[in-house]
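Please consult the structure shown below alongside the text.

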Amino acid sequence: KLQFLYFIGNMLRLLPLIALGVHAAADPTTAAQQLVQRVVGNRASEFTVVITPASGNDHFTVRNGAGGKIELGGNTAGSVGAALNWYLKYFANCQVSWSGDNMNIPSPLPKVPNEVSITRPYKWGYYQNVCTVSYTMAFWEWDRWEREIDWMAMNGINLPLAFTGQEYVWTETFKEFGLTYDDLTPFFSGPAFFAWQRMGNIKGWGGPLPQDFVQARMNLQLQILQRMRDLGMTPVLPAFAGHIPEALTQKYNISYTRSPDWGGFSPQYGSVFYLDNTDPMFVQIGKTFIEKQTAVYGTDHMYNADQYNEMDPPSGDLTFIKDASAAMYNSMTAADPDAVWVMQGWLFVNSRQFWTNQRIEAYLGSVPNKNMLILDLFSDVDPIYQSTDSYFGKPYIWNMLHNFGGNVGLYGRIEIINTSPHEAKNTTVMGIGLTPEGTLQNYMIYDLMLENAWRSQPVDTTGWVKSYAQRRYGKNLPGTGQAWTLAATTVYNATAAAGWGVTKSVIEVRPALDMVHDGFMPTQLFYKPAIFVTAVKSLLSEANTLKNLATYQYDAVDWTRQALSNLMLELNVNHTSAFNANDQTTMAALAQSMTELLQDFETLLASNEHFLLGKWLADAQGWGKAAGNPAYYDWNARNQVTLWGPNGEISDYASKQWSGLVKDYYAPRWALFLDTCKDAAANGTPFPASTYSTQARALEQAWQHGTQTYPTTPTGDAVSIATNLMKKWFP
């Protein structure tokens with residue numbers, strides 16, 4: 001009787017959530033028409049859409065339709081979006097991108113000489129790293145999400161991560177185990193740090209999380225999921241990975257361990273409580289979470305959970321490892337027998353010494369092949385599938401990670417991503433994906449990577465790059481064509497020997513002597529900077545023709561930014577040599593040049609909307625205006641891109657080359673460093689590293705807790721500023 005009453009009580013609590021959250025997907029034809037309308041506006045009437053169901057992989061068609069219209073076909077509304085994108089790119093010379101749009105669609109619409117019919121070679125097109133939701137999307141509202149979801153559809157993404165709003169589900173889940181929201185406040189992080197709290201790396205940092213934000217994010221997730229499903233996508237939702245609030249350990253006699261401290265965080269914010277996988281409550285919590293989530297958000301049976309992100313298991317015993325993954329899987333299937341565990345394979349890259357093939361095989365072996373999908377997260381650099389016999393038979397997705405922390409340096413491995421995904425075709429690969437920690441940079445390399453989802457063989461990169469330049473600007477011009485050709489042989493031609501991640505600028509990290517290094521987040525260049533300078537000058541040679549185009553304005557700033565960043569590295573190297581030789585005259589001249597370059601760098605970045613700190617902070621503050629606490633969100637946003645922790649635990653990891661940050665954060669640090677070097681040289685003493693570190697931290701903390709406001713709109717003529725700075729610094 002008590003069990004029956006408990007069941008009825010649970011159902012009564014779930015009824016309002018069921019009514020609130022779950023809706024059927026829209027009619028695909030209507031959804032496709034609405035997508036076309038959102039993308040091309042008043043030109044939508046010149047297109048027709050046709051939904052052509054298929055039993056196999058997604059496909060699309062582009063052909064001339066009746067009445068002079070262009071007919072876009074596909075098996076889902078999203079596939080119709082891919083057809084539209086293909087037409088815009090390859091027939092109308094247009095582009096929709098993260099970094100500006102070129103939507104000067106010719107009138108009348110260009111005809112299609114021969115029908116295009118493409119079926120993707122693999123089932124899935126995956127998108128997002130679990131960190132992307134924090135480094136890029138932390139403060140997005142619906143209008144920005146709507147654009148991104150349309151972009152996903154247009155680029156063949158049908159398996160997107162959908163992690164927004166899960167704190168609402170955690171709140172409802174732990175309620176069932178007697179915990180209040182106050183019990184969860186030491187557990188939940190702030191909104192800028194959700195990714196790492198969800199993976200059990202940290203707890204509480206950036207909190208306490210306002211409860212109204214949890215509700216607002218739940219509402220946003222409903223919109224996100226509705227649109228994804230309307231477009232025929234299969235959203236990947238979260239699942240329980242074992243990380244629990246401390247209050248649960250105080251309320252129940254359960255078995256648990258504490259995670260290793262991650263990133264240097266103290267036990268106050270690290271040492272997360274982890275429920276032992278053999279404890280019966282593990283499956284109970286996992287089951288309850290998916291039940292609560294399904295009631296609000298529905299389910300497509302795909303769940304992501306990462307037990308050991310950048311943290312080794314407490315035991316290397318094969319039985320322990322196998323039981324750990326079995327508990328994960330069982331907690332999913334207890335609520336959803338059709339559950340598929342979508343697992344990031346980063347743990348196997350990050351801790352190669354622990355994750356031997358024997359342990360990997362044991363960990364994966366608890367889950368049936370059909371119920372697991374592994375994201376080979378870093379296929380572009382360190383493809384684990386190659387050394388594990390395709391994950392011992394498990395299906396996986398070939399991914400380009402490319403970016404760490406949302407850094408914006410120009411970088412790509414064009415030849416590797418053009419060929420390597422196709423070399424995996426005889427393995428258990430089931431898809432092509434993007435897994436950057438942060439997006440909104442290096443769009444060319446992402447555009448090429450995404451086309452792999454629709455291609456069965458490599459392209460001619462020389463021709464493809466030229467066509468990219470043509471659709472980026474809508475015209476085939478000699479200067480832009482040469483510029484992108486040179487870029488493809490320099491910044492976008494990293495080889496397997498190059499470092500991990502985009503090139504980090506010395507401007508955005510705490511200054512030091514001799515800042516050149518390779519490896520992770522390298523500052524060392526893998527190309528000849530003089531050739532790239534030629535590329536920038538070639539790009540800017542077409543300024544008279546293209547200066548009013550958003551894509552061109554962005555590239556003028558972005559490429560000039562990279563050229564100046566490279567020069568700053570050279571100046572730092574020379575300054576280090578002068579300091580070591582106690583050549584104070586040369587030091588003074590170089591210090592003056594670096595100071596002036598930083599001022600020019602700020603002016604350049606301020607001229608384009610994509611390089612403004614003010615937009616990041618304003619987006620964050622927007623979440624707190626209704627409740628009167630915008631300063632809380634502002635502080636979260638500031639900390640992530642600077643100190644990343646209470647005491648700079650992973651300082652400058654998520655640094656950005658943004659106007660505002662350069663002027664008020666990076667430039668003062670450089671001034672302190674250069675003055676410290678000057679005084680040490682004058683006194684004939686070694687560089688006072690400890691004193692300098694203390695003084696630099698004081699500057700950093702002061703800005704972190706500051707209240708300065710920053711512009712959200714650009715200042716100045718971006719193309720003219722870029723042109724003048726290139727003439728000044730590279731005559």
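## Aromatic pairs

A search of the whole structure finds 68 aromatic pairs, a pair being rings of Phe, Tyr and Trp (its six-membered ring) whose centres lie within 6.5 Å, with planes under 30 degrees apart counted as stacked, over 60 as edge-to-face and the rest as tilted. The model is predicted: local features need pLDDT of at least 70, side-chain atom pairs count only at pLDDT 80 or more, and totals for chains, interfaces and linings use all residues. Residues are numbered from 1 along each chain as its sequence is written, and side-chain values use heavy atoms, with hydrogens and water left out.

The pair formed by W170 and F174 is stacked, because the ring centres are 5.9 Å apart and the planes lie at 20 degrees. W170 and F174 are 4 residues apart in helix α6, which means that about one helical turn separates them; helices (H or I, at least four residues) and strands (E, at least two) are DSSP runs, numbered from the N terminus. W170 is buried at 9% relative accessibility, and F174 is buried at 0%. Here buried means under 20% relative accessible area, exposed over 50%, and partly exposed in between (1.4 Å probe, protein chains only).

The rings of Y411 and F526 are edge-to-face, with centres 6.0 Å apart and planes at 80 degrees. This pair links distant parts of the chain, 115 residues apart: Y411 is in the loop between β14 (396–400) and α16 (414–423), whereas F526 is in the loop between α19 (478–489) and α20 (529–540). Y411 counts as buried at 2% relative accessibility, while F526 is partly exposed at 29%.

## Salt bridges

The whole structure contains 29 salt bridges, each defined as a side-chain nitrogen of Lys or Arg within 4 Å of a carboxyl oxygen of Asp or Glu. R120 and D58 form one of them, with the closest N and O atoms 3.7 Å apart. Its partners are 62 residues apart, R120 in the loop between β4 (116–119) and β5 (124–127) and D58 in the loop between β1 and β2 (59–64). Both R120 and D58 are buried.

A salt bridge also joins the side chains of R198 and E167, at 2.9 Å from N to O. R198 belongs to helix α8 (residues 194–198) and E167 to helix α6 (residues 166–175), 31 residues apart. R198 is buried, with a relative accessible area of 14%, and E167 is buried as well, at 3%.

The side chains of D447 and R471 meet in a salt bridge at 3.2 Å, N to O. Because D447 lies in helix α17 (residues 443–451) and R471 in helix α18 (residues 461–473), the pair ties together parts that are 24 residues apart in sequence. Both D447 and R471 are buried. A network of salt bridges links K89, D447, E451, R455 and R471.

## Helix α2

Helix α2 (residues 28–40) has 13 residues. From first C-alpha to last, α2 reaches 18 Å, close to the 18 Å expected at 1.5 Å a residue; the expected span is 1.5 Å times one less than the number of residues.

The buried residues of α2 are A31, A32, L35, V36, V39 and V40. They lie on the same side of α2 because they cover an arc of only 145 degrees around the axis, taken from the directions from the helix axis to the C-beta atoms. Their cover includes β1 (47–51), β3 (70–74), α3 (77–90), α5 (142–154) and α9 (211–230), with contact meaning heavy atoms within 4.5 Å. Just after α2, G41 takes a positive phi of about 60 degrees.

## Strand pairing

In β5, W124 and Y126 point one way and G125 and Y127 the other way, and all are buried. Strand β5 pairs in the parallel sense with β15 (residues 429–434) over 4 bridges, pairing being assigned if DSSP finds at least two bridges between two strands. Within this pairing, G125 stands opposite I432. Strand β5 also pairs in the parallel sense with β6 (residues 159–160), over 2 bridges, and Y127 stands opposite P160 there.

Elsewhere, 3 strands form an open sheet in the order β8-β10-β9, with antiparallel pairing. Its edge strands are β8 (243–244) and β9 (256–258), each of which pairs on one side only. Strand β8 is joined to β10 (residues 273–275) by 2 bridges, and Y274 in β10 is the bridge partner of H243.
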